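Thanks, everyone. Please have a look at the structure on the screen. I'll keep this short.

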Amino acid sequence: MQKVSVRSVQDHQPMTMQVYSRWDLEGMHDFLECLEPDMALKILTCLDDSADLVRASAVSRYWQKVVVSNGLCKQLCMRTFPQLGSITRVVEPSHDNLGKSEHRAYASLFRAITAFPLTFCIADPVSASSTGYPKDSIKNTICRGSYFKTICRGSYWLSRGSDDPETPETLIYNLSANFCVVTEINLHLRKGWSGYPIYSSRFVRFRMGHPKSVKDLNYDFIKAQECADDKFIWTYTSPVFPVAQENLLQKFRLPAPVVCIGGYLQIELLGRVSKSSDDKYYICVAQVEAIGRTLSPLFSVAFSESSDDVHLKYDAEECGYILSTCGSISRVQPQH
């Protein structure tokens with residue numbers, strides 16, 4: 001082993017640096033390889049960021065083998081976002097190696113879910129369980145921001161009246177992508193007519209999922225004033241949240257970010273509070289927002305109607321470019 005002295009650029013103090021020959025390095029051992037395989041796996045499983053797992057897989061061939069062959073990036077995604085458990089296969093057109101393809105896909109997916117900028121995620125209304133009058137359609141609920149304040153102030157969705165204060169109502173929306181993350185849902189419940197009380201529900205619950213069949217959605221449920229609840233498979237159900245009896249936009253933050261596989265959101269309004277002059281209970285919603293991260297087109301999902309297969313499609317090249325710019329993308333919550 002040869003020793004040489006150099007001077008520090010900062011303090012000009014002498015320091016000693018060891019220079020190892022090729023033969024010395026060959027004699028060294030990878031500490032992870034010295035451990036039992038189960039212990040090595042347990043250590044790397046403690047990493048809680050896909051970026052750290054990617055760095056670990058670049059240390060040596062052995063580390064890469066432990067990370068990739070055990071699907072540690074996939075395991076991390078499943079632990080953090082359990083909804084991903086329904087995915088049965090990763091499709092990456094540019095690569096044939098399934099193990100490495102899954103490693104890349106889930107490593108990139110974890111970062112996309114946590115780093116992509118927040119945005120509004122509702123695209124279109126699908127159906128309401130009831131509608132009081134045709135003009136009071138669910139379509140009125142997706143105005144937002146300044147447009148809502150100036151154009152949609154007097155518009156809303158109004159349920160049919162009910163004699164039973166426990167009668168629930170549901171609103172269903174198509175999200176902006178069939179693969180996205182939802183962190184928060186906001187509702188504005190209000191008065192149906194001037195001088196009347198706020199027609200609010202007592203509680204609210206949220207579900208997310210996918211259609212049983214795409215063919216079922218080739219139908220205008222809104223125009224027909226029909227409910228589409230039975231056309232979907234709901235893979236996530238939130239806790240029940242209490243609703244304040246106030247004429248303002250209320251924010252309901254989910255306990256953890258939810259990966260919506262399929263791109264549909266159901267809002268279930270539970271219980272009724274106020275009666276109208278006809279002695280019936282109503283619910284009135286002026287505005288609905290879903291805040292989250294859209295993962296398409298870099299990621300998308302495809303469903304097989306003949307089986308339970310759900311394929312995750314991944315554009316590795318485009319995803320690498322987008323993720324490299326994430327540091328410069330604003331992650332500020334959308335402004336109302």
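This is a predicted model: local features need pLDDT of at least 70, side-chain atom pairs count only at pLDDT 80 or more; totals for chains, interfaces and linings use all residues.

The protein has 336 residues, and 44% of them count as buried. Its secondary structure comes to nine helices and 16 strands. Now take the contacts with a separation of 6 or more: 77% of them join residues 24 or more positions apart.

Next, the pockets. A quick reminder of the idea: rolling a probe the size of a water molecule over the atoms shows where empty space is left.

How much space lies in the largest pocket? About 350 Å³. Twenty residues line the largest pocket, and the closest to its centre are His210, Pro211, Lys212, Phe303 and Ser304. Three strands each give at least two residues to that lining: β9 (201-211), β10 (232-237) and β15 (299-303). By type, the lining has eight nonpolar, eight polar and four charged residues.

Let's stay with Ser304 for a moment. Ser304 sits in the loop between β15 and β16 (310-314). Is Ser304 buried or partly exposed? Its relative accessibility is 25%, so Ser304 counts as partly exposed. The cut-off for buried is under 20%. Look also at Ser213. In sequence, Ser304 and Ser213 are 91 residues apart. In space, their C-alpha atoms are 9.4 Å apart.

On to the second largest pocket. Its volume is about 160 Å³. Which residues line it? Ser50, Ala51, Val54, His103, Arg104, Ala107, Ser108 and Arg111. Here helices α3 (50-57) and α6 (98-115) each supply at least two lining residues. The largest share comes from α6, with five residues. By type, the lining of the second largest pocket splits into three nonpolar, three polar and two charged residues.

Last stop, helix α4. This helix covers residues 61-69. Its buried residues are Trp63, Val66, Val67 and Val68. After α4 comes Gly71, which has a positive phi, near 60°.

To recap the pockets: strands β9, β10 and β15 each supply at least two residues of the lining of the largest one. Thank you.

Key:
Residues are numbered from 1 along each chain as its sequence is written. Side-chain values use heavy atoms; hydrogens and water are left out. On a 1 Å grid over the protein atoms alone, a cavity is a set of points where a 1.4 Å probe fits but cannot get out, and a pocket is an open set with protein on both sides within 12 Å along at least five of seven lines; lining residues have an atom within 4 Å of a point. Grid points are joined across faces, edges and corners, and a volume is the space filled by probe spheres set on the points. Helices (H or I, at least four residues) and strands (E, at least two) are DSSP runs, numbered from the N terminus. Ala, Val, Leu, Ile, Met, Phe, Trp, Tyr, Cys and Pro count as nonpolar, Asp, Glu, Lys and Arg as charged, and the others, Gly among them, as polar. Buried means under 20% relative accessible area, exposed over 50%, partly exposed in between (1.4 Å probe, protein chains only). Contact means heavy atoms within 4.5 Å.
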